[in-house]
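Subject: Structure handover

Hello,

Here is the structure for your files. My notes follow below it.

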Amino acid sequence: MNDIAFLEKKAYDLRKKVLDTCIRAKTGHVTSSMSCAEIMAVLYFGGILRHDPKRPDWADRDRFILSKGQASPMLYSVLAEAGYFDEAQLKGFAQKDGKFGVHLQQSVPGAEITCGSLGQGFGFAAGMALAAKMDLKNYMVYTLLGDGECYEGSIWETAMFASHQRLNNLVAILDRNYQCVLDFTENFLALEPFEKKWESFGWNVVRVEGQSVPALLDALHGLRSRRRPGPTIVIADTTKGAGIDFMSCVPLWHGSAPAGNEAKQAMAELERNTPNA
Amino acid sequence: MPNPISQRDSFWNKIYEIAKDDRRIVIVSADMGAPALDRIRRDLPGQFVNVGIAEQNGVLVASGLAREGKRPFFYAIAPFAVFRPVELTRVNNAIMKIPITIVGVGAGFSYEDSGPTHHLLEDIAVMRAFPNITIHSTSDAAMAAAVAEQSCNWPVANYVRLDRQVLPDVHAQTQLDFKAGFAVLRPSKQAQLVATGYMVHKALQVADLLKKDGIDLGVIDLFQLPCDADALVKQIQTAPKLFTLEEHFLPGGLGSAVLEMLADRGAALPVGRFGMGNPGSYSYVYGGRETIHASYGLSPEQIAADVRKALK
């Protein structure tokens, strides 16, 4: 199995874990998690993040800040898959005696922050990156943003700050799935032209097909060598609900899990779409 | 006796001295300065960062720095330091328990002629609602320096509300007890007045006025919330009558906090609260802080008259 095929399959394995977790819990942001499956697979299993599941507090680990905290079922699935905790704990997601709920919480091994308030994680990540600069540490800080959270003013405060401070150890990945709760972003309040906005804030901008493992690997590989003076953002064009056709591009699926026949159909679609690695 | 200096200068002078040896200390400034901060920028440039007038990012960056072991001081004009980023303070500092120090200058009507945008009359109510955040409300320069020193190792997040004006010394000779969180400036068996910040000075003036009438009014400076409530209630119970005085709206403020501490311990005694109204109202009165206070009926003479009446 080559690396790309391995990661493409891994993304679908993660999707299935997320779906199973959310179906059991009857809640969770399924579609927000599906759109970032390839991003997360590449970061954690594609050799991008330097991390060690046996030492979640390793001082020199790369930091990963999930700023779109709604995708916590995906991060929890990734962390379980990587061995940060027993996968059986996923079954308790958002249920009585469970260890974690719908939004991200810092008590989970491997989760750096409590998150769910949009526009929060990004600035926190910039603070961590600044600390690394001050202490001459080599770790990188990666943060995953949602496009919806770019409506928050705090995102742009941080964007301005990070480029001025030349935080080239900060890498943002923007899960551009084009949807919020009620509607498509470009219908109700346009975010485009996104690249120009980030460029004008002083960021190195790369725009890629966000469901493409090779494209993501290409964009994220080598940023550690810091050839550029400022921070980098990878705008990853994705599909909200990717992998489950009937949940894709349907705004009102935000924040809910399929049940009954729809649950079966969703899992069947993921099985069918899983590449044969 | 040296001329008193502002709480701001006293606070940052102390931080400068500590920061020279303690690389953990980082100032995150929302474009706010001070002479001592100029020295930090000159001598310790790696420990000062100007985030601009962007308080949300200021709290976030400070919290990220703190997670990596720094002791950040986020500095802005008080209403903007507190209210603009408050939901981020809630997540990062109350929920995640990340210890940063939020330094706000401009308690109460310190920015007297700046109008209600710059007045600060709700911050105690807001900040004391959060677990894992301590409030330090300073009444003089010596206290500001002591709070600065404590802030470098305070176990949870810390909100310091500094007065902007130069106020007389009241604590220069006292060793402040940060376990208790209050200081008895004048004991009395007759009646006591609990105040904070600028109002501590007014409380002393009121006590002086009443002394002429043979009334012995004790004064307690409650400078920290939460404080040692058991100890404070015990102190309050040394006199049969209590008053509170704050440059803050009454709902949720210092007086409310004292009432809660008393009620929770079954300590029943008459309490009179002085503050900027219940419900409060904002002020467009100009001509100085005391003119503004008088418009709320809070001149020293008026308070003394009200206390006198209540004690009859």
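Which residue of chain A forms a salt bridge with B:Glu68, and how far apart are the closest N and O atoms? In this predicted model, the partner is A:Arg63, with 2.6 Å between the closest N and O atoms. The count of salt bridges between chain A and chain B is two. Polar contacts between chain A and chain B, with both residues at pLDDT 80 or more, number ten residue pairs.

On the side of chain A that touches chain B, helices α5 (121-134) and α6 (153-164) each supply at least two residues. The largest share, eight residues, comes from α5(A). Sorted by class, this side of chain A has nine nonpolar, ten polar and four charged residues.

As for the extent of the interface, 23 residues of chain A are in contact with 24 residues of chain B. About 1900 Å² is buried between chain A and chain B, and carbon and sulfur atoms give 58% of that area. Of the area that chain A buries against chain B, 30% is supplied by A:Phe124, A:Met134 and A:Glu157, more than by any other three residues.

I also looked at one strand pair within chain A. Strands β4 (residues 204-209) and β5 (residues 232-237) of chain A pair in the parallel sense, over six bridges. The chain passes from β4(A) to β5(A) through helix α9 (residues 213-220) of chain A, in a right-handed β-α-β crossover. Within this pairing, A:Glu209 has A:Asp237 of β5(A) as its bridge partner.

Regards

Note on methods:
Residues numbered from 1 in each chain as written. Chains lettered and ligands numbered in written order. Predicted model: local features only at pLDDT ≥ 70, side-chain atom pairs only at ≥ 80, totals over all residues. Heavy atoms only, no water. Pairing = 2+ DSSP bridges. Helix = DSSP H or I, 4+ residues; strand = E, 2+ residues; numbered from the N terminus. Right-handed = clockwise from strand over helix to strand, strands pointing away. Contact = heavy atoms within 4.5 Å. Buried area = accessible area lost by both parts, 1.4 Å probe. Salt bridge = Lys/Arg side-chain N within 4 Å of Asp/Glu carboxyl O. Polar contact = N/O pair within 3.5 Å; in protein donor to acceptor, adjacent residues only side chain to side chain. Nonpolar A, V, L, I, M, F, W, Y, C, P; charged D, E, K, R; others polar.
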